[in-house]
Amino acid sequence: MAEPRDVVRIPDAKVALSTASVYPESTATAFEIAARLGYDGVEVMVWTDPVSQDIQALRRLSDYHGVPILAVHAPCLLITQRVWSTDPWVKLQRARAAAEKLGASTVVVHPPFRWQRQYARDFVTGIWRMANETDVRFAVENMYPWRYRDREMLAYAPDWDVTKDDYRHFTIDLSHTSTARADAIEMVDRMADRLGHVHLADGRGSAKDEHLVPGRGTQPCAELLERLALTGFDGHVVIEVNTRRAMSGAEREADLAEALAFARLHLASAVRVPRR
């Protein structure tokens with residue numbers, strides 16, 4: 001009987017840099033760094049930076065640096081409540097239009113804040129309706145309860161655990177699983193083949209959303225990537241880390257290079273097959 005041998009299997013998943021990972025630097029800086037470090041593309045976080053909201057400016061940056069835009073993160077944060085309208089459905093429509101025009105395959109969206117009552121009530125059916133109108137994936141992202149000392153506030157509706165509702169595609173964020181103190185692998189199992197997008201970061205279970213470089217916390221970042229490799233995951237793996245404390249541009253780039261190397265290493269999964 002032939003002895004088994006190790007074969008490296010690398011999935012079709014591309015590794016992208018979230019433009020949020022260079023904050024407080026600009027969206028334009030993210031494209032420069034992504035090109036310099038060899039990322040496969042970027043995910044544009046639409047926020048208060050005017051360039052992030054400007055489709056023509058984003059297209060020029062993508063063309064100039066030779067870095068494709070793989071995903072658009074809709075403006076769902078507290079600080080972006082007035083970006084692309086105050087109507088959350090208009091925000092999603094504009095995110096979809098931007099993705100279509102920029103050639104991005106995915107729109108990342110958070111579940112509504114609990115106080116957005118009408119939006120929250122219609123969110124699940126509304127996301128399905130929008131998903132049926134385009135080839136762009138609407139990948140709904142897991143969030144977390146807000147905590148202060150011993151108090152916990154459920155800030156998202158229908159739920160921060162998006163696997164409790166029926167969506168066509170999910171985004172798993174490992175910093176958010178850490179903050180929620182949830183089991184990331186169990187959540188991925190519940191998402192199953194509807195997992196379409198990954199925000200790769202780490203955390204240590206703090207009440208703060210830490211977004212550490214993968215490998216610096218307690219989340220199963222390596223295990224998840226190896227599982228994606230074995231299952232032939234064809235979505236995107238997006239490095240979404242916090243580099244605000246970097247003392248220099250060189251330190252920020254070193255963190256982002258480390259995160260990219262971590263992702264590529266663990267996506268290159270060795271499997272045992274019989275020798276011929």
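## Strand β11 and its partners

L200 stands opposite I239 in β11. That pair belongs to a parallel pairing in which four bridges join strand β10 (residues 195-200) to β11. Strands are DSSP runs of E with at least two residues, helices are runs of H or I with at least four, and both are numbered from the N terminus. Two strands count as paired if DSSP finds at least two bridges between them. Strand β2 (residues 14-18) also runs parallel to β11, again with four bridges, and here K14 stands opposite H236.

This is a predicted model, so a word on the ground rules: local features need pLDDT of at least 70 and side-chain atom pairs count only at pLDDT 80 or more, while totals for chains, interfaces and linings use all residues. Residues are numbered from 1 along each chain as its sequence is written, and side-chain values use heavy atoms, with hydrogens and water left out.

Which residues of β11 lie on each side, and are they buried or exposed? H236 and V238 are on one side, V237 and I239 on the other, and all are buried. Buried here means under 20% relative accessible area, exposed means over 50%, and partly exposed is in between (1.4 Å probe, protein chains only). In a regular strand the side chains alternate between the two faces of the sheet. Finally, β10, helix α8 (residues 221-231) and β11 make a right-handed β-α-β unit. A crossover is called right-handed if, with the strands pointing away from the viewer, the path from the first strand over the helix to the second runs clockwise.

## Strand β4 and its neighbours

Five of the five residues of β4 are buried. Strand β3 (residues 41-45) runs parallel to β4 and is joined to it by four bridges, with V44 having V72 as its bridge partner. Three bridges join β4 to β5, also in parallel, and H73 stands opposite V108 in β5. With α4, these two strands β4 and β5 make another right-handed β-α-β unit.

## Helix α4

Helix α4 (residues 88-102) has 15 residues and reaches 21 Å from its first C-alpha to its last, close to the 21 Å expected at 1.5 Å a residue. The expected span is 1.5 Å times one less than the number of residues. After the helix comes G103, whose phi is positive, near 80 degrees.

Several residues of α4 are buried, including W89, L92, A95, A99 and L102. An α-helix has 3.6 residues a turn, so residues three or four places apart point the same way. The buried residues of α4 pack against α3 (55-65), β4 (69-73), β5 (106-109), α5 (117-131) and β6 (137-141).

S18 is found in strand β2 and is buried, with a relative accessible area of 0%. A polar atom of its side chain lies 3.1 Å from the backbone nitrogen of A20. A polar contact is a pair of N or O atoms within 3.5 Å; within protein, one must be able to donate a hydrogen and the other to accept it, and residues adjacent in sequence count only if both atoms are side-chain atoms. Leaving aside neighbours within four places in sequence, S18 is in contact (heavy atoms within 4.5 Å) with E43, V238, I239 and E240.

N142, in the loop between β6 and β7 (146-148), also has a relative accessible area of 0%. Its side chain reaches the backbone nitrogen of D173 at 2.7 Å, and the residues touched by N142 include W160, H176 and M187. D161 sits in the loop between β8 (151-153) and β9 (169-173) and is buried at 7% relative accessible area. The side chains of D161 and T163 are joined by a polar contact of 2.6 Å, and D161 is also in contact with M187 and R190.

## The whole chain

The protein has nine helices and twelve strands. Its radius of gyration is 18 Å, close to the 19 Å that the globule rule gives for 276 residues, so the protein is as compact as a globular protein of that length. That radius is taken over C-alpha atoms, and the rule is 2.2 Å times the number of residues to the power 0.38. Buried residues make up 53% of the 276 residues.
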